[in-house]
Amino acid sequence: MNSNGPLMEHGKRRVAYYYDSNIGNYYYGQGHVMKPHRIRMTHHLVLNYGLYRNLEIFRPFPASFEDMTRFHSDEYMTFLKSANPDNLKSFNKQMLKFNVGEDCPLFDGLYEFCQLSSGGSLAAATKLNKQKVDIAINWMGGLHHAKKSEASGFCYTNDIVLGILELLKYHKRVLYVDIDVHHGDGVEEAFYTTDRVMTVSFHKYGDFFPGTGDLKDIGAGKGKLYSVNVPLRDGITDVSYQSIFKPIMTKVMERFDPCAVVLQCGADSLNGDRLGPFNLTLKGHGECARFFRSYNVPLMMVGGGGYTPRNVARCWTYETSIAVDKEVPNELPYNDYFEYFGPNYRLHIESSNAANENSSDMLAKLQTDVIANLEQLTFVPSVQMRPIPEDALSALNDDSLIADQANPDKRLPPQITDGMIQDDGDFYDGEREGDDRRNESDAKRAAQFESEGGEKRQKTE
Amino acid sequence: MDLYDDDGESAQSEKVDVPSEESTIAGPETDIPAETIEENVPEVEENTLLEEDSLVDVDSPRPSQQRSKPSKSKRKRKRSSSGESSAAEPEIDAGAKVKGPLSNTNKEINVGTEFQAKIADLNLNDKACNEDRDDQDELIWNTPETIDDEKLEAFIRESSDRYLIPIDRALYILTINNFNFDSAIAEVARRNELKDVWTDQEITLFENCYQIFGKNFSQIRSALCHRSLQSIVQFYYESKKRVKYLNFVNSKCDDSSSSEETETPSPYPEAIFESMCDNCGEKAENMQINNAMNRPECRACLIYFNQTGVPRPTSLRLVLAERIRNQVSCPDNMKEYMKDFDKLSAQATGSTFQKRIIVKDQCVEYIIDVDKIPSSSCTENGNVGETSSPSAQKTEIQSESDGSGPLIWRHKKTVCMEEIEVLADDSRRKMFEACQHGSKVDIKLVASWKNDMTNLRKRVEQTYYDPDLNPTYLFSHDRVHYSQDWTQLERSQVIRCFNMYGAHFEHIADVIGTKTPDQVYQFYLENQKAIDAADEEFLADMKNPERLADMEEEEDSI
C-alpha cells in the first residue's frame, strides 16, 4: 500500500483545515516573542490565495478538561484552569513547580488558548481516524515542549501528544517528525518508552534550548531505538537539510512503516527567524511536507515555533498549498494584513549568506549513525493479535459464495450478473442472455474463431 | 493540603525571626546566650538582605524598572540559549525551603510513569471508529464538485468588498444556504452584523494608555472597562499597520505590575531577583554560568572558583562603598602637582626666611623692619628727595613701626604658607626699591642722552641725502675739513674733472669733496699748461677710429 516514490495521484487528496478566529486574540505579554497573531495572518493569506476551493475548513470545538487530562496531570490542568494574572500571588509555589512565569507567562485567557490549540489537534486526529480526510492541518497546534506536569518553551499543553494518543486508538504505529529548530523534547519524553510511536527530530544542538536531543538519545525500555535525534548546527541550507532529511526519513518509512504521520512544521528553522539560526527557505522547509505527501499515509500537519510572524504566515501558507497540491503565485494577494509583509510583498524569502557550519562530512557521518540505529530495529513491530468477532449478515457481502451456492437450474440474481465480466477465453455456454453460438452474430466471437482457425492450420501444416 | 501546611510553616518561621531581630538591634544591653546569637546570625543576615532589597525598591521606582529590563532581555536569551538550567537552579533552592516536589532540571529525557503518556489499547474494529466519538468540529466550508468557480469568486468578491464580511464567514453562509448564490447574497445583504467599531474617544484613550503602559494590555483594559482583552489585542494588530507604535514607547514610565511584585517581598528571592549571584548573594551585572556547579555566579565568584576550585567564601564580599574606598587612587595627570604635598604640608620652622637671598647692603633686621611698613609710607619716602640719607630713612621707619598694633593670632603655619609670605615680602621690597630709585634723576645725564638721541635722529635723516642732486654750496654753513696740500690721487682726479666739466670750479670742488672752489681755481692757475695738454690728449683719443670701433662693439653687445 505504501509507495516509496512520488506517483501520480489516482484520486483527489482530501485536506481538512482547522482554524478558530479567536486564536489570534491572545497575547503572551510585553516583549514576548511568541505571537498567536501569526496564525490569523496565515489564515487570511490562505483564504485570499483562494485555497479554500481545495480545502474543507472546520472550526474545532475547544478541548475539554477530560480530553487534556488524558496526558497532562490533573493537578497541572487544575492550575492552568484556575490561575490568571489577577490571582497570581496565591499561586507562587505552583508557578515554580510547573515552570510557569518566565518563558511561559501567565496571560489572560491562557486556559482558553490551550483549549483551542488542543481542540484543533484532537479534532484533526478524530477526522483521520474516521478516514474522512487524508491530510489534516492544524496551524494552531505544534506546542511540542510541554511536559506531563510542566510548561516549557512557550508551550503549556502538548496538543501533539493528545493528537497522537487519539490516533493510537485506531492506528498501530504513528510516526512523529519534528522540523522545528528546537528539539521536540515534550513529545519524545511522552513516548520515550513505547514502540508504537517513533519520534524523529531535526534540530539545532549545542548550547541551545532545550539542551536535549543528542544523537545517543534513542529511547528506553520497549521504546529503545524508537527515538531518533538528528542534531544539526547553525546556518544549514536547503540542500544540506534535504541531503540529511530524505535519506533518513526514507529509511524510517521503510523500517517503521507507520499507519499515520504527524509532522510538526515549526517555522523558526527559516532564515530570518528571531530565535532560530538556521538558513532554510520556504522551498526547503516545504519540501519536507511534500515528502510525506508523496506517501499514501494519513498525515497530520501542525504548527509550532516561528517568531517572525510575517515569515511564519508565508511558510504555513506555502505548505498549505503543498498539501492541496496547488501552485500559488509569488505575488501576495491583498488581505487585511498585507502591510505586515513589507517591504517586498512576496511569498518566498531569500536565504542569507550566513556560514553553513554543517559540513558534508559531518552530515554523512550523522546519516550513517542514524541509519545504523534504524537497521537494528525489528521490522514493523505489531500489536498482539486479538480474535476478531464475526460480523452479522456477512454472507450478504460475499459474491463468490452466492455464486457457488446458486442453483444451476435457475438464473443468477441481477446483483451478481451485473458485476460479472465475461472472460474472452471462455468457450463454454454462459448464463448471459442471447448467447447463441450458432448464429455467430457477435463480431468479437467471430474474430476469435478466425484466429483460432489460423492456429489450427499452422499446426496441421 | 500540603501546600497550606507549608504556608503555615513559613509564616511561623517568620514570626520567630522578628523578635530576634529586635533583640539584636537593641545592642549589647540585651543579655543573649552565645549559642542563641550564633544560631540566629545567618538568619538575621538573610532577612537583612531581603529588607535591604525591599527598601531599595520602595524608595525609588528606578531600580524596579531596571530589574524588569534585564528580565525581559534574559527571557529572550534564555529561549535562544540553554537557559533552562539557570532558571531551574533557583527553583531547587526555593523547593528546598518549601520542602515540596519539583520537576527534574536535568537536560535529559525523564523516564517514569510520571512523564510518559498512557497509551490506550488498539481497537481493530473499524466500525467502532464511527461510534467512538462525534466529530469535534463544525464544518465551515466544503467545496462541492458541481459548483461554478466563477460564480463562487464573484460571490466572495461581492461579500468581502461590498459588505465587508470575512471570507470564511461568507463561505459558511453559502454552505448553510445549500450553495444557492442568490439566497446567500440576499442573506449577506440582509445580515446586520454586530461589528467591533472603535470610537474616536476609545482610540484616543487607547493611544494614551499605550504611551504609559506599552503593550501591557491588561493595564490598558483597566482603562477601557467595556472592552474585552481580546478586542484590545485585535484592535492593536489591526491598527499596527497604520500607526507606528514604536514612537509611543516611553521607557521611563514605571511598570505598575512590577511594582506590585516589589511591594510584597517574596519568600523566594532567587526566583525573582534573577541577577543575584548564587554564591555570594549579591546582585551582579555580569552573571555567568558556573559549569561545574551548574548555577549562575558573578564574575568575582567565578574567577575565584576557576583559580582555587572552591566556592568563594562569603567573607570576601565587599560592600559597594568599601570597593570605592579601596579602589580610589590619584589620577595620573594630578600626580605631578602632588609631589611636594607632604613637604609643603609640614609645619613651618622659619627656615625659609633665613634661606632667602639677602641684598648686599641690607641686613636681616633691616628686612624685618621693612616688612612692617604700610604701603602708604612708600609715597612719603618718594617725596623726601635726593637729600635724604639712609640713616634718616631708617629712623623714620622705626618711628612709624612703633605706632602699629600687636600681631593677630594665627593658625600654625605650614611651609607652603611661609613660602607664600616670603614671596610677598620680596615683591614688596622690590617695589619699595623701585620707588626709591625713581626719585633720583641726573639732569646732566638726561641732557647728554637727549643730545645723543638728537644726533642719531639727524643721521637717520641724512641717510637718504642724494649729493648729486643737491649742490654743496647750499650747505655752506657746514664745517668741512679742508687741507692745503694736494695728494697724488687728488691731482689725477682734478685733471679728469677738468676734462669733464671745463672751467666750472664749483662742480669740480663738489665732486672732489675735500677742496674748496678757490683751491681748485688756484690749482688751475698754477697748472694750466698741464691741464690743457691733458685736455688735448683726451680729445685726440676721442677722435681715434679704433676707439670708435671699440665703442660701437660695446654698444652692439649691450
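User: Which helices do the buried residues of H3(A) pack against?
Analyst: This is a predicted model, where local features need pLDDT of at least 70, side-chain atom pairs count only at pLDDT 80 or more, and totals for chains, interfaces and linings use all residues. Residues are numbered from 1 along each chain as written, chains are lettered from A and ligands numbered from 1 in written order, and side-chain values use heavy atoms without hydrogens or water. Contact means heavy atoms within 4.5 Å; helices (H or I, at least four residues) and strands (E, at least two) are DSSP runs numbered from the N terminus. The partners, in chain A, are H2 (65-68), H4 (92-97) and H5 (110-129).

User: Which residues of H3(A) are buried?
Analyst: Buried means under 20% relative accessible area, exposed over 50%, partly exposed in between (1.4 Å probe, protein chains only). In helix H3 (residues 74-82) of chain A, the buried residues are A:Tyr76, A:Met77, A:Phe79 and A:Leu80.

User: Why do the buried residues of H3(A) line one face of the helix?
Analyst: The arc is taken from the directions from the helix axis to the C-beta atoms. Seen down that axis, the buried residues line one face because they fall within an arc of 155°.

User: Which are the edge strands of the nine-strand open sheet?
Analyst: Strands pair if DSSP finds at least two bridges between them. The order is E6(A)-E5(A)-E4(A)-E7(A)-E8(A)-E3(A)-E1(A)-E2(A)-E1(B), with mixed pairing. Each edge strand pairs on one side only: E6 (227-232) of chain A and E1 (137-142) of chain B.

User: Which residue in E5(A) stands opposite A:Val177?
Analyst: E4 (residues 174-178) and E5 (residues 197-204) of chain A pair in the parallel sense over five bridges. Opposite A:Val177 stands A:Val200.
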